[in-house]
Amino acid sequence: ENGVLTGKGLSFGGSLVRPEATGYGAVYYTAEVFKHEGDTFEGKTFALAGFGNVAWGAAKKIAELGGKAVTLSGPDGYIYDPDGITTEEKFNYMLEMRASGRDKVQDYADKFGCQFFPGEKPWGQKVDVIMPCATQNDVNMEQAEKIVANGIKYYIEVANMPTTNDALVYLMSQKNMIVAPSKAVNAGGVAVSGLEMSQNSGRLAWAAEEVDEKLKSIMKNIHDSSVAAAEEFGLGYNLVAGANIAGFKKVADAMLAQGIF
């Protein structure tokens with residue numbers, strides 16, 4: 001991660017933090033939600049799905065901010081690590097698992113001696129925050145009912161559309177739950193790709209810390225514009241509606257500016 005400092009790896013452009021960007025961005029978005037709720041990462045447990053780049057980046061940033069990811073999943077089932085995925089050894093092993101091509105999350109359970117639940121999804125675990133980071137439609141009504149029964153307050157979509165429509169409507173109808181939509185939460189990867197284009201066209205080389213700071217600021221703006229849009233239309237703290245309205249307004253404003261209407 002210190003290619004800029006060592007002079008290796010970035011002579012022809014590219015951006016540091018790119019592999020972690022989506023996971024980091026999702027956690028920065030979650031930090032803004034916590035701020036809004038007067039909450040912190042300290043001691044919080046997170047259920048993640050997947051074990052690729054996105055889950056890896058999220059687990060790293062969650063640990064850095066004082067929380068701990070306790071689940072990962074794969075096509076074969078999920079692991080539950082109550083100690084948390086918080087050490088360099090565990091982060092590095094996630095990279096090894098992905099590079100091996102075996103596509104088995106059970107490897108993590110075998111390596112670190114924790115529970116493996118074959119053929120199951122992690123959404124029945126009682127945690128503070130749910131973060132589906134893997135596949136589309138990963139959370140259906142049956143899973144959503146388990147999440148609500150566990151009294152989980154924060155449901156943060158990270159993968160593209162990880163929740164079925166009926167499950168999303170059900171989760172959003174819960175008075176004590178905050179639902180954050182993937183189109184806002186997972187924008188970090190795209191944002192860093194945009195930064196990468198700026199770097200390349202300007203022949204700029206930014207340190208990893210600088211890219212990370214820009215990413216944090218972008219995710220704060222995405223959260224804040226969703227909040228403002230929802231409040232403007234009297235919808236309260238509705239991050240799903242806010243993201244949709246903010247996105248629509250952005251397109252409409254651009255079309256007006258170009259004289260299309």
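Biologist: Let's start with D138: buried or exposed?
Modeller: This is a predicted model, and in it D138 has 6% relative accessibility. The cut-off for buried is under 20%, so D138 counts as buried.
Biologist: And which residue does D138 form a salt bridge with?
Modeller: That's K121, with the closest N and O atoms 2.7 Å apart. K121 sits in the loop between β4 (115–118) and β5 (129–131), while D138 is in the loop between β5 and α6 (141–149), so the pair ties together parts 17 residues apart in sequence.
Biologist: How accessible is K121?
Modeller: K121 has 35% relative accessibility, which makes it partly exposed.
Biologist: Okay, switching to helix α2. How far apart in the chain are K35 and E32?
Modeller: They are 3 residues apart, about one turn of the helix. Their side chains meet in a salt bridge at 3.0 Å, N to O.
Biologist: What about their burial?
Modeller: K35 is exposed, with a relative accessible area of 55%, whereas E32 is buried at 8%.
Biologist: Nice. Where does K60 come in, and what does its side chain meet?
Modeller: The side chain of K60 meets that of E20 in a salt bridge, 3.4 Å from N to O. This one links distant parts of the chain: K60 is in helix α3 (residues 53–64) and E20 in the loop between α1 (3–6) and α2 (21–37), 40 residues apart. Both K60 and E20 are buried.
Biologist: Which residues are linked in a network?
Modeller: Salt bridges link K61, E64 and D212 in a network.
Biologist: Last one: how many salt bridges are there?
Modeller: The count comes to 12.

Notes:
Residues are numbered from 1 along each chain as its sequence is written. This is a predicted model: local features need pLDDT of at least 70, side-chain atom pairs count only at pLDDT 80 or more; totals for chains, interfaces and linings use all residues. Side-chain values use heavy atoms; hydrogens and water are left out. A salt bridge is a side-chain nitrogen of Lys or Arg within 4 Å of a carboxyl oxygen of Asp or Glu. Helices (H or I, at least four residues) and strands (E, at least two) are DSSP runs, numbered from the N terminus. Buried means under 20% relative accessible area, exposed over 50%, partly exposed in between (1.4 Å probe, protein chains only).
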